[in-house]
Amino acid sequence: MQIIPLPAFRDNYIWLLRQGRLAVVVDPGDAAPVRRYLTEQGLSLAAILVTHHHPDHIGGIAELLADSPVPVFGPARENIPGRTQAVQEGDVLQIPGIDTAFRVLDVPGHTAGHVAYHGDGLLFCGDTLFAAGCGRIFEGTPAQLHASLEKLAALPADTQVYCTHEYTLSNLAFAAAVEPHNNDLAERTARCQALRAEERPTVPFSLGAERLSNPFLRVSEAPVIARAEAEAGCPLNTPVEVFAALREWKNRF
Ligand SMILES: [Zn+2]
């Protein structure tokens with residue numbers, strides 16, 4: 001199976017999985033780049049996977065369904081137009097003609113019903129985990145998003161993460177403000193700057209690299225706690241408090 005990034009809007013990636021003559025798309029916020037690719041490559045759409053209800057993730061569903069009425073998998077606790085299969089934690093998706101089976105993870109926080117799809121070492125996590133960052137908390141609580149990120153971080157280190165925005169360089173700048181002496185972070189920043197200089201995606205990335213350089217996955221590390229406390233101006237007594245302080249700081253960074 002090949003996985004292709006289809007750039008959309010300013011900084012979204014619509015992920016397209018292809019096997020043989022079939023394709024599956026994740027979070028098609030815009031139908032146009034998907035249609036163009038399917039036509040150019042002579043592929044048929046087999047299914048649509050949706051992580052959450054934001055317009056830049058669902059905006060293209062209706063047009064794609066008008067072309068071909070395929071199954072649409074989406075979170076049970078959100079309103080997804082065109083959804084045919086409501087999914088939640090523990091469900092396993094098997095799409096006819098596609099070898100990879102995907103297990104559903106509930107990852108609330110960015111939105112209330114956000115889900116992620118995990119299978120064969122691949123993770124499609126929408127706007128929950130980004131390279132060196134995480135989504136904003138629009139509908140959930142810091143405790144929820146923290147727990148969701150911990151759940152994702154517990155997957156195997158070689159898991160390849162396909163998030164839906166190219167926010168990496170700005171996230172790395174924030175991460176460097178949190179941990180100015182983190183060598184893994186400095187090396188990753190150099191690699192990602194080189195990729196972006198050639199207009200190449202920094203996504204996917206491995207969870208192993210993420211654990212070494214994403215401050216939101218490092219809220220139990222002493223330097224991260226100390227820096228978050230300095231910024232918050234008060235002691236932070238739990239990982240969730242550190243996480244909430246970092247997320248708050250990032251919002252105004
Ligand atoms: Zn979103």
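# Report on a predicted model

## A buried histidine in a loop

Which residue has a backbone nitrogen that lies 3.2 Å from a polar atom of the side chain of histidine 114? In this structure, which is a predicted model, that residue is aspartate 127. Histidine 114 itself sits in the loop between strand S8 (102–106) and strand S9 (115–119), and it is buried, with a relative accessible area of 0%.

Once its neighbours within four places in sequence are left aside, the contacts of histidine 114 include Thr51, His52 and Glu78, together with Leu105, Asp106, Val107 and Pro108. Cys125, Gly126, Asp127 and Thr128 are also among the residues that histidine 114 touches.

## Threonine 128

Threonine 128, one of the contacts of histidine 114, is placed in the loop between strand S10 and strand S11 (129–130). With a relative accessibility of 0%, threonine 128 counts as buried, because buried residues are those under 20%. Residues up to four places away in sequence are not counted here, and the contacts of threonine 128 are then Val107, His114, Cys134, Gly135, Leu145, Ser148, Leu149 and Leu152. Leucine 22, by contrast, is 106 residues away from threonine 128 in sequence, and the two C-alpha atoms are 27 Å apart in space.

## The sheet from S1 to S6

Six strands, in the order S1-S2-S3-S4-S5-S6, form an open sheet whose pairing is mixed. Strand S1 (2–8) and strand S6 (85–87) stand at its edges, and each has a single partner strand, so one side of each is left without a neighbour in the sheet. On average, and with direction ignored, neighbouring strands of this sheet are turned by 25 degrees against each other. Strands of a sheet pair through backbone hydrogen bonds, and they may do this in a parallel or an antiparallel way. The pair formed by strand S5 (residues 72–75) and S6 is parallel and is joined by three bridges, and glycine 74 has alanine 86 in S6 as its bridge partner.

Aspartate 11 lies in the loop between S1 and strand S2 (12–19). Is aspartate 11 buried or exposed? At 16% relative accessibility it counts as buried, because this value falls under the 20% cut-off. The side chain of aspartate 11 makes a polar contact of 3.0 Å with the side chain of histidine 165, and, not counting residues up to four places away in sequence, aspartate 11 touches Thr164, His165, Glu166 and Tyr167.

## The sheet from S7 to S14

A further open sheet of six strands has the order S7-S8-S9-S10-S13-S14, and its pairing is mixed. Its edge strands are strand S7 (92–93) and S14, each of which pairs on one side only. S7 and S8 are antiparallel and pair over two bridges, with valine 92 standing opposite arginine 103 in S8. Helix H4 (residues 142–153) packs on this sheet, where it touches S8, S9 and strand S10 (122–126), and the direction of H4 makes about 150 degrees with that of S8.

The loop between S9 and S10 holds aspartate 120, which has a positive phi of about 50 degrees although it is not a glycine. At 61% relative accessibility, aspartate 120 counts as exposed.

## Helix H6 and what follows it

Helix H6 (residues 183–197) has 15 residues, and at 1.5 Å a residue it should span 21 Å; its end C-alpha atoms are 21 Å apart, which agrees. Its buried residues are Leu185, Arg188, Thr189 and Cys192. These cover an arc of only 105 degrees around the axis, and therefore they lie on the same side of H6, whereas Asn183 and Ala197, on the other side, are exposed. The buried residues of H6 pack against helix H5 (168–178), strand S14 (205–206) and helix H7 (207–213). At the N-terminal end, H6 is capped by asparagine 182, which has a side-chain oxygen 2.9 Å from the backbone nitrogen of aspartate 184.

The loop between H6 and S14 contains glutamate 199, whose phi is positive, near 55 degrees, in a residue other than glycine. Glutamate 199 is exposed, with a relative accessible area of 69%. Proline 204 belongs to the loop between H6 and S14, and the peptide bond that joins valine 203 and proline 204 is cis, with an omega of about 5 degrees.

Technical notes. Residues are numbered from 1 along each chain as its sequence is written. This is a predicted model: local features need pLDDT of at least 70, side-chain atom pairs count only at pLDDT 80 or more; totals for chains, interfaces and linings use all residues. Side-chain values use heavy atoms; hydrogens and water are left out. Helices (H or I, at least four residues) and strands (E, at least two) are DSSP runs, numbered from the N terminus. The expected span of a helix is 1.5 Å times one less than its number of residues. Buried means under 20% relative accessible area, exposed over 50%, partly exposed in between (1.4 Å probe, protein chains only). The arc is that of the directions from the helix axis to the C-beta atoms. Contact means heavy atoms within 4.5 Å. A polar contact is a pair of N or O atoms within 3.5 Å; within protein, one must be able to donate a hydrogen and the other to accept it, and residues adjacent in sequence count only if both atoms are side-chain atoms. Two strands pair if DSSP finds at least two bridges between them. Axes are lines fitted to C-alpha atoms, for helices over the stretch in contact, and angles run from 0 to 180 degrees between N-to-C directions.
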